[in-house]
Amino acid sequence: MPDVRKRIILFFFIFHFSFFILNFSFAQRVAVVLSGGAAKGGAHIGVLRALEENQVPVNYIVGTSIGAVVGAMYASGYSPDEIEKLMDSRAFQQWAAGVIDDNYIYYYHKEDPNASWITTSFDFTRKLTSILPAQLIKTYEIDFQIMKILSQANAVAGGDFNKLMVPFRCVVADIDTTAQMILRNGDLSSAVRGSMSLPLVFSPVVINNKLVYDGGMYNNFPCDVALHDFKPDVIIGSRVARRYQKPDKDDMVSQLLTMLMERQSDTIVYPNSVMIVPNVPSINLLDFSKTALLADSGYAAAMRGLPDIRKLVKDSVSVEEIRRRRSEFNGSKPLFQFDSIHIMGLNKAQSGYVVQILKHGKKTISIDELHQEYFRLIEEGFIRTIFPAARFNPKTGFYDLYLDVKKANKFGAQFGGNFSLGSTSEAFLELQYKYLWTKALRFYTNGYFGKVYSSAKLGGRIDFNSKLPFFIEANYTYNHFNYFKTASFFFDDKTPNYIIESEYFGDLKTGVPVTNKGKLTLGIVSAYINDRYYQDNSFSRVDTADQTSFNFFSPTLGFDLNGMNRKQFSSAGARLVISLSYINGREGMVPGSTAINKTAISSYHDWFKVRLVYDNFFETLGPFKFGLYAEGVLSNQPLFSNYTSSLLFASTFQPIPESQAYFLPPFRANNYAAGGLKVVWQIYKKIEYRLEGYLFQPYREILKNPVDFSAYYGPEFAVRSYMASTAVVYHSPLGPISVSVNYYDKMPDLFTINFNFGFIIFNRRAMP
């Protein structure tokens, strides 16, 4: 009996062992290879979806460029549906285009708008060629997002790509050795970001002390990598773009890329293989808006190739099993919290400044908290490049953040202005100096040079990044307006035809952010204004002008919420400005030779003033955008010694850019309400047609006594004035080019026709 029992046990042992050996002998290992091809790589998603749904095992995955992006996400536990949802999103399209989400653009850090066309920076110690940008697209957002998407999976794998949910290989181009580099371990997000560094489009990445670019430069379809590293039984290749294409004669980037990329094979040199070639349309390199369509194309191509795949691959893995593995892998990902930050490229003081911005003294921060402060740091403008990497520390249970930082050049310049067929031509130049210390310091000086307007400004700002950030800024400004040279508005005898305003003022202010698009400021202005004018046209060359001077100081509390999409000719967004000011000063009036009253006047004035501006594009109907603009001033401001000086120191309604260069009495008052509607029609891409109309309602009009030229108030709400503009605007890379017809009610010439190239934007005025 014992012998029988032994024979039975031996039989079962031999049977199961033989079954195991046979099963092992015939088990097939499948490698999927994903080619480069920029946005066309969305088709890879459909290929992976079809393989999953039809229970074809994916034991290994190899990718280059966009194939590395899709492959790494799949290997990191993302399903094809999740990958498609991400790549098809508006957010992903913005990352690829270098656009930072509006939620991370901080108006608090923005400089006052000016007339600049071009902004550049330079370092006298560097070569001229290093000033040129290394890429067309800023990669701040996509660098951060790839780190966010892949770092947790890399933590699970301990930096070993074999230990991801699916063993993975990434191919990059080592431009030093002009050869491919196969990445098997290290920082997964850096590897993928390096593999997608398309020359001239995205900046390169440093990996293992090597400068690497897009893997497609030397191996766009890395089947050889799959064979060498994994020795699979079957290779399934997904190819979305041919490696060598004829360059476009009108596309310089395509010409340069053709010169940089090596000729390579687009086939699989392996007998047990299936090539899947989706029918992809011709699309822009970075047009990810068609990801869903491309994924469908990849799915259809994989389904067409399924019979050939099943001839080679007999094994199956159920959808439920794949989901279980994915869930188990994702469930082991550590919580994304940082406790340590390591800075490379900055000195100790500068590194401390960066850490303070990012952590604000907290022991740990989440990835979402880091995201917000990370872009606040970038928006300050002191960082030229920054590359993040997250590494999990199993001893602490948190991630360490490594930042490779290059400071922005200390010196910068802005050039611009406006070219006009009218009187608003001007040139603009600004020079800047930035220094990153334990605080951020910025110094600047600018100048406007034109017939009607000239100005000079000198200032500086220091930023304090405490838990509640704040800044202190000081400026000294000179503004000069020569309204005598303003077109034809002074040909009527009833309008003063000689007015020159000169302002000299210093201001000191501090401010704090209010949400990402707003700031609250408190400041004080000390100013001297000198105006020279004749009060009618009865004067000769030997006559002297009347002069009114006003020495004053003014504390001001202001709130500014600004989400407009442009600094001039906006077509989207909203802005709200509220300011409360107190003005106290002394008026001095010295009459000229034509004055009726020859007595010099000196008097003190003080008043409070509240100003409100609301500008909002609130509705879109097809290509039409509708906006509302409202403005109001409430004050107890007194009249000055005569009619012209009372108008010059009154508040002004100037909603149309060109109106800033004109002296418009019907649109000046001490108290008023004004508003209007705007319609913007997008004719073609960056070409717009604009139509604007406004009503100006003063509480009491400022009138002139013809006997002695003194000023007095008219009846309440007795008159109102209208202003309108129609324009065709082309938003060129330098600035707007516009042809406009403007209407100003109650002026001698009701209409003006003008052509402008550039911005009609001035430095801040002395009077708040």
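Over the ring of which residue does the charged end of K567 sit, and how far is it from the centre of that ring?

Reply: Happy to. The charged end of K567 sits over the ring of F759, 4.4 Å from the ring centre. A charge sits over a ring here if NZ of Lys or CZ of Arg is within 6 Å of the ring centre and within 35 degrees of the ring normal. K519 makes a contact of this kind with Y107, lying over the face of the ring at 5.0 Å from its centre.

Before going on, a word on the source: this is a predicted model, in which local features need pLDDT of at least 70 and side-chain atom pairs count only at pLDDT 80 or more, while totals for chains, interfaces and linings use all residues. Residues are numbered from 1 along each chain as its sequence is written, and side-chain values use heavy atoms, leaving out hydrogens and water.

Now to rings that meet other rings. Rings of Phe, Tyr and Trp (its six-membered ring) pair if their centres lie within 6.5 Å; planes under 30 degrees apart count as stacked, over 60 as edge-to-face and the rest as tilted. The count by this rule is 45 aromatic pairs. In one of them, the centres of F161 and F168 are 6.2 Å apart and their planes stand at 45°, so the pair is tilted. Both partners are buried (under 20% relative accessible area, with exposed over 50% and partly exposed in between, for a 1.4 Å probe and protein chains only): F161 has 0%, and F168 has 0% too.

Y498 and Y534 pair edge-to-face, with 5.4 Å between centres and 65° between planes. Y498 is in the loop between strand 18 (470-482) and strand 19 (499-514), and Y534 in the loop between strand 20 (518-533) and strand 21 (546-562), so the pair ties together parts 36 residues apart in sequence. Helices (H or I, at least four residues) and strands (E, at least two) are DSSP runs, numbered from the N terminus. Y534 is buried at 5% relative accessibility. Elsewhere, F428, Y448, Y453, F481, Y483, F663 and F762 make up one aromatic cluster.

Among the helices, helix 6 (residues 140-157) and helix 13 (residues 367-379) have axes that come within 12 Å and cross at roughly 160°; axes are lines fitted to C-alpha atoms, for helices over the stretch in contact, and angles run from 0 to 180 degrees between N-to-C directions. Helix 6 is therefore roughly antiparallel to helix 13, a term for angles over 145 degrees, with under 35 roughly parallel, 65 to 115 roughly perpendicular and the rest oblique. The residues of helix 6 that meet helix 13 include Y140, F144 and K148, while those on helix 13 include I367, H371 and F375.

Helix 3 (residues 66-75) is mostly covered, with ten of its ten residues buried. G77 follows helix 3 and has a positive phi near 100°.

Finally, two loop residues. Most residues other than glycine have a negative phi. H360, not a glycine, has a positive phi of about 50°; H360 lies in the loop between helix 12 (348-359) and strand 11 (365-366) and is buried at 16%. F709 has a positive phi near 65°, sits in the loop between strand 29 (700-704) and strand 30 (711-716), and is buried at 12% relative accessibility.

Technical notes
Contact means heavy atoms within 4.5 Å.
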